[in-house]
Amino acid sequence: MSNSNLTRRGLLKTSAVAGAGVALPTIFTASSAAAYTNEPTGGTVTLGFNVPQTGPYADEGADELRAYELAVEHLNGGGDGGMMNTFTSKALQGNGILGKKVEFVTGDTQTKSDAARASAKSMIEKDGAIMITGGSSSGVAIAVQGLCQEAGVIFMAGLTHSNDTTGKDKKANGFRHFFNAYMSGAALAPVLEKLYGSDRKAYHLTADYTWGWTQEESIVASTEALGWETVNTVKTPLAATDFSSYIAPVLNSGADVLVLNHYGGNMVNSLTNAVQFGLREKQVNGKNFEIVVPLYSRLMAKGAGENVKGIHGSTNWHWSLTDEGSKAFVKSFGEKYGFPPSQAAHTVYCQTLLYADACQRAGSFNPCAVAEALEGFEFDGLGNGKTLYRADDHQCFKDVLVVRGKENPTSEFDLLEVVEVTPAAQVTYEPDHPMFAGGALGSCNPGS
């Protein structure tokens, strides 16, 4: 069987809105000689790592690439094996995937949906990638997930927090390990009520794309259920770097809580502007003014510096966790790079191992066999406790962390502390929950 029979060929006809994940269908054609897209025939298998190497989420992208390289090293038998040693599934042997050495190609999503699709398409068509993974934006994740569904390859989502990724835009070929906006709301609400009470007035600044929209919706719903009032919700451009004009109106709004539905460089800049405007020293409605960052990361905390102290949010994972899986990953990553990994690094490392493990258990690279192996898969040892990859929507369900900025950090990496480990049961919802309604998972596409 020749390589030309194994690689999908076709014309890309796409129009996308950057960051929003809106795209027209991509048209692929494939040789019927291949059993599935990019079926590997030699001694290697190629994975495609598609991350933001430029743009507002570039810090996350850089850490994702570090973790991907570490995962490949471990899969191929290098290093200390990391979380392969703690993972409850023992299918991986350190001899690649199904005996084939793992190789990889990389692309730059630029945190733009059209660029991300073009990059993923190139890796599939030109480089023979059999799986695409990555991204630090839900707009990108949704766009690339749709392309992978059309192309007949598995998409292992990276850092994507929008409800829509495994809600209305879910796909049979796509899988998400990272938690979502609903889970952040469900985990944060009880902590916020305990800290700040049930009589609060909230003002939301929201990144104007799919993640921001669903994060805002989730936090509004969970806090209004406590008795909070939502004073205003204002959308901000993803490309914004100065949020002063958005912060100023908060001062006279009557709000006593500012919710920053921002991530990455956006959050660093908006929080910095809020502190510059003196919001943290204000008293409104007889209460101390508070700021909440629903989706937190160590990389954001480092960028925001002193401004994160005492500010609460949620996170998918943190390097300070003491379970065996987390300790193994932090040790491997730290020895290779000299500093601890971020949650972005953690989730993509897990996704790479989970994909490889599913191939091993299925005995095949066929995306439909891999999908079947992932659906309903229960596992432990990857740093989040017992985890379920739910078959209904391809969302992982696991514990969620509520964190706050440390008042007295001991190093430049010791910036967040875990204040609550919210059990998976508290953040689990029915597959037909209204926030996730509107799309069908559909059928797996093997591509040939």
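Tutor: Let's settle one term before we start: a residue is called buried when its relative accessible area is under 20%, exposed when that is over 50%, and partly exposed in between. Keep in mind too that this is a predicted model.

You'll find Q360 in helix α11, which covers residues 343-362. Leaving out residues up to four places away in sequence, Q360 touches A91, L92, G96, I97, L98 and G99. With A91 there is a polar approach: a polar atom of the Q360 side chain lies 3.4 Å from the backbone oxygen of A91.

Now for the domains. Domain 1 is made of two stretches, 44-179 and 319-398, while domain 2 runs over 182-315. Their C-alpha centres are 29 Å apart. Where the two touch, domain 1 puts in 26 residues and domain 2 puts in 22 residues. As for how much surface is involved, the size of an interface is often given as the accessible area lost when the parts come together. Here, the area buried between domain 1 and domain 2 is about 1,900 Å², and carbon and sulfur atoms give 59% of that. On the domain 1 side, look for Y57, H161 and F179: together they supply 31% of the area that domain 1 buries against domain 2, more than any other three residues.

What holds hands across that boundary in polar terms? There are 17 residue pairs in polar contact between the two domains, counting pairs with both residues at pLDDT 80 or more. Salt bridges are another matter, with a count of 0 between domain 1 and domain 2. On the domain 1 side, α2 (58-75), α4 (138-151) and β17 (396-397) each supply at least two of the residues that touch domain 2. By type, the residues on that side split into 12 nonpolar, 10 polar and 4 charged.

So much for the boundary; the charged pairs come next. Side chains of opposite charge can pair when their charged atoms come close. The count here comes to 19 salt bridges.

One of them joins D164 and K168, whose closest N and O atoms are 4.0 Å apart. D164 has 8% relative accessibility, so D164 counts as buried, whereas K168 is partly exposed at 42%.

Another salt bridge brings K235 and E216 together, at 3.3 Å from N to O. This pair links distant parts of the chain, since K235 sits in strand β9 (residues 229-236) and E216 in helix α6 (residues 210-224), 19 residues apart. E216 is buried, because its relative accessibility is 10%, and K235 is partly exposed, with 32%.

E417 and R404 form a salt bridge as well, with closest N and O atoms 2.9 Å apart. E417 belongs to strand β19 (residues 416-422) and R404 to strand β18 (residues 400-405), so this pair ties together parts that are 13 residues apart in sequence. Both ends count as partly exposed, E417 at 25% and R404 at 29%.

Last, there's a linked group: D80, K331 and E335 are joined in a network of salt bridges.

Conventions:
Residues are numbered from 1 along each chain as its sequence is written. This is a predicted model: local features need pLDDT of at least 70, side-chain atom pairs count only at pLDDT 80 or more; totals for chains, interfaces and linings use all residues. Side-chain values use heavy atoms; hydrogens and water are left out. Domain bounds come from an automatic or database domain assignment. Contact means heavy atoms within 4.5 Å. Buried area is the accessible area (1.4 Å probe) that two parts lose on being put together, summed over both. A salt bridge is a side-chain nitrogen of Lys or Arg within 4 Å of a carboxyl oxygen of Asp or Glu. A polar contact is a pair of N or O atoms within 3.5 Å; within protein, one must be able to donate a hydrogen and the other to accept it, and residues adjacent in sequence count only if both atoms are side-chain atoms. Helices (H or I, at least four residues) and strands (E, at least two) are DSSP runs, numbered from the N terminus. Ala, Val, Leu, Ile, Met, Phe, Trp, Tyr, Cys and Pro count as nonpolar, Asp, Glu, Lys and Arg as charged, and the others, Gly among them, as polar. Buried means under 20% relative accessible area, exposed over 50%, partly exposed in between (1.4 Å probe, protein chains only).
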